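Have a look at the structure first, then read on.

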Amino acid sequence: MSTHVSHSAMSADFSGLLKRLASRLPAHCILTRNEDTRPYECDGLSLFRENPPVVVLPEDEFQVVEVVQACRAFDIPIVARGAGTGLSGGATPHAQGVLLGLAKLNRILKIDVDSATAVVEPGVRNLAISDAAASHGLYYAPDPSSQIACSIGGNIAENSGGVHCLKYGLTVHNVLRVRIVTSDGEIVELGSEAPDSPGLDLLAAFVGSEGMLGIVTQATVKLIPRPACARVIMASFPSVESAGEAVANIIATGIIPAGLEMMDKRATHMVEPFVQAGYDLDADAILLCESDGTPEEVEDEIGRMKAVFAAAGASRLQVSASEEERLRFWAGRKNAFPAAGRVSPDYYCMDGTIPRRHLARVLNTIVEMEEIFGLRCANVFHAGDGNLHPLILFDANIPEQVDRAERFGAAILELCVEVGGTITGEHGVGVEKINQMCVQFSRQELDFFLALKRGFDPHGLLNPEKVVPTLARCAEYGRMHVHAGELRFPELPRF
Amino acid sequence: MEFVLSEMIDLVMTARASLKPIVIQGGGTKHFYGESQSVAASASVLDVSAYRGVINYQPSELVITARAGTPLKEIEELLGEQRQMLAFEPPRFGPSSTIGGCVAAGLSGPRRMMAGSLRDFVLGATLLDASGALLHFGGEVMKNVAGYDVPRLLAGSLGIFGPLIDVSLKVAPQPIAEATVELEMDEERALAQFAAWRRMPLPISASAWHEVHGQGVLRVRLSGSDAALNSACASIGGRKLGQEEARQWWDALRDQTYPFFKARPLWRLCVPPSSPPLGLGKVLIEWNGGLRWLADGEIEPDFVRKAAARHGGHATLFLHDGQPSVPVFHPPSPGVRAITERLKHEFDPTGMFNPGRLFREL
């Protein structure tokens, strides 16, 4: 299943391109030797590999423009890459294209305290923004679990979430302006530091476009004051149904928790030996529910949350008494993926989102599917926003299990679509879920996406053949899986 | 398929075949907004207001899906029964305002800086496209990255890609409590005050500064738990307004019924909130400095636009008498303009939907 392609033969176009690049960029920014380009053959989803013929690592916006103009002149595709932590193969190189790494554009240009904004280059790491703003009491809210490594440019490409997005929003809600290079090599600014911009909201369409509409060279992001206090409740429930009901009741009561996560029994049993978070192993489901704000607000809200959980039948309630304990409660959740890698040779991580009211139905169906497909599945769930991450455990050395895992995964995603949800909540489509796009969208809707891409990238140079399947592709519909051994940065907690 | 919907599809297909323009209309309360459409004589009017009704409302999912012609009033009443709201507080220009019209116009109200703008709350939309097909984008879930975010692109697009048929919006719980305080200070002080407050975790859900009889007056609304309001009121100070007086004030601001909005022309300047006083004339400032209404009949449009642009913002000729000499919307950059034109050509090749409404030549 893995696609391993050797260096494609350097065509005449490539030698022309390289000659032009060599005249415009320093030599150390252009990599063509096999041992130099190999590290770029995949992103966080290492199942898909393609050794790029050329890797270009520009050091400023001017050089990005040079690269894009050169590629445009020779009609060579460009795949942009940030930190390479993406989980759907959005940065998988193109066999006949340039891999454009933006990691060297990593300067924080400005922290503006008066406007509570930061101006950053795309290679700046997510967490580095918050670190730089910390001395002003500010931070950047979206916190994908790979935030220690992932870059803001990649976050913009994927519209990354995190555990706090129910209250603080996704990347699209926290980016005010981007400066992009279009496939014509022109610099265009979308959005602005003002609350809105004239004409169409092109920034909204750009965020989450997986590198297909333009290349970010600069972004202004919103910073918010760090809450004075945060505490988390860990609640045990005797059934998935009662935990699901507790989630619905919390929201119906008018509380928007800072974070609200669920793990099923399989997941807690998987992570507890790994992190010793103190999870209740007798519970069928546990909820982690966080409140933040001033100490008075948090105390008030925690009281109301506890009352709702108790009424919904929680069998055990624990409130973090210290910051250390809060982080320990979260540690298990944040390490669910690495833990899956410990208990099973391989796992296949899904990323569907469902309307929360169908949670019990979906989880119970997944239990039935375990029987049908003869594989185990652990469930971690962003309960607040309906984003489900079933982890299908299997052994890739048994080819027949691979096939079963893939069919199991496909069945879960189709179930998500069936109950009114979506095939991907936050990991993106990339190359991984391109086939499932055929399930979620009609041909006319997919053609609308292709038209939107042409509007931004009329030459079709930017990350071609990703995200939106062609007619032929939908016809051959297949599925892929994640091999734990091939997941890069296995030490990073992931969502 | 329901008759009203099939009629709309027929109208689109007929107009496309006969190369006739289509003017999309909901409750008809926002004709003033955008460029005035000179094509009206030959155009077919696509009236969405008969396609109404809430399709799905799940309070615990924080989402409502409604047909585009559903009156805004009906939706707000329904949400109110569950102590929920449209947190972006869209202006209510009249009782017939529809939810589709709100999304197409993309306007947000006083709570925008705390809660987010209208487009932030758009989760899904069905578009009737130029070929007469119904296209569904997004959905009822908050996290959804399958394909491009078309619903948010449609927010504020003024119908240039076709009529919205239904929309899904994220809703929010109403705040437990609210309080409004009033302070006296000049414009410069007020803007400096906003900058200081941005660094503090204060629950400011609306703000407005303007001059009353030569005296600068700043009103600030706070929303949250009683504990949060008490500590915020203590740190902000000022005179506390009565609940009813406060409600009337923020409603008048939201719905633009306050006398300030009677000025013609009325400019809407949207600038980075930390911009200093612009010195253009009589202003009413909202959104913690980000929104500045300008009422000054004498001022040159070009001068206003340049001042807004100098600070990184833009100026809309929001309300005016007669045919204005300049485009009502601030001309976007050439790059944005080029992408906009290509998108219009891709989605509406014959240019039939709301021609000239967003930009005169589009």
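## Domains of chain A

In this predicted model, the C-alpha centres of domain 1 of chain A and domain 3 of chain A sit 44 Å apart. Those two belong to a set given by the domain assignment: domain 1 covers 12–101, domain 2 covers 108–225, domain 3 covers 229–334 and domain 4 covers 338–486.

## Overall build of chain A

How does the radius of gyration of chain A fit with a compact globule? For 495 residues, a compact globule would come out near 23 Å, and chain A has 23 Å, so the two agree. Laid along its principal axes, the C-alpha trace of chain A spans about 70 × 60 × 40 Å.

As for what's inside, chain A has 18 helices and 18 strands. Out of its 495 residues, 59% count as buried. Take the contacts in chain A with a separation of 6 or more: 73% of them come from residues 24 or more positions apart.

## A closer look at B:Arg112

Now over to chain B. You'll find B:Arg112 in helix α4 of chain B, which runs over residues 112–115. Is B:Arg112 buried or exposed? It has 25 C-beta neighbours inside 10 Å, and the cut-off for buried is 20 or more, so B:Arg112 counts as buried.

Who does B:Arg112 touch, leaving out residues up to four places away in sequence? The list is A:Pro195 from chain A, plus B:Phe88, B:Ser117 and B:Trp287 from chain B. B:Glu89 is 23 residues away from B:Arg112 along the chain, with 7.4 Å between their C-alpha atoms.

How values were computed:
Residues are numbered from 1 along each chain as its sequence is written. Chains are lettered from A and ligands numbered from 1 in the order in which they are written. This is a predicted model: local features need pLDDT of at least 70, side-chain atom pairs count only at pLDDT 80 or more; totals for chains, interfaces and linings use all residues. Helices (H or I, at least four residues) and strands (E, at least two) are DSSP runs, numbered from the N terminus. The radius of gyration is taken over C-alpha atoms; the globule rule is 2.2 Å times the number of residues to the power 0.38. A residue is buried if 20 or more other C-beta atoms lie within 10 Å of its own, exposed if 12 or fewer, and partly exposed in between; C-beta atoms are placed from the backbone. Two residues are in contact if their C-beta atoms, placed from the backbone, lie within 7 Å. Domain bounds come from an automatic or database domain assignment.
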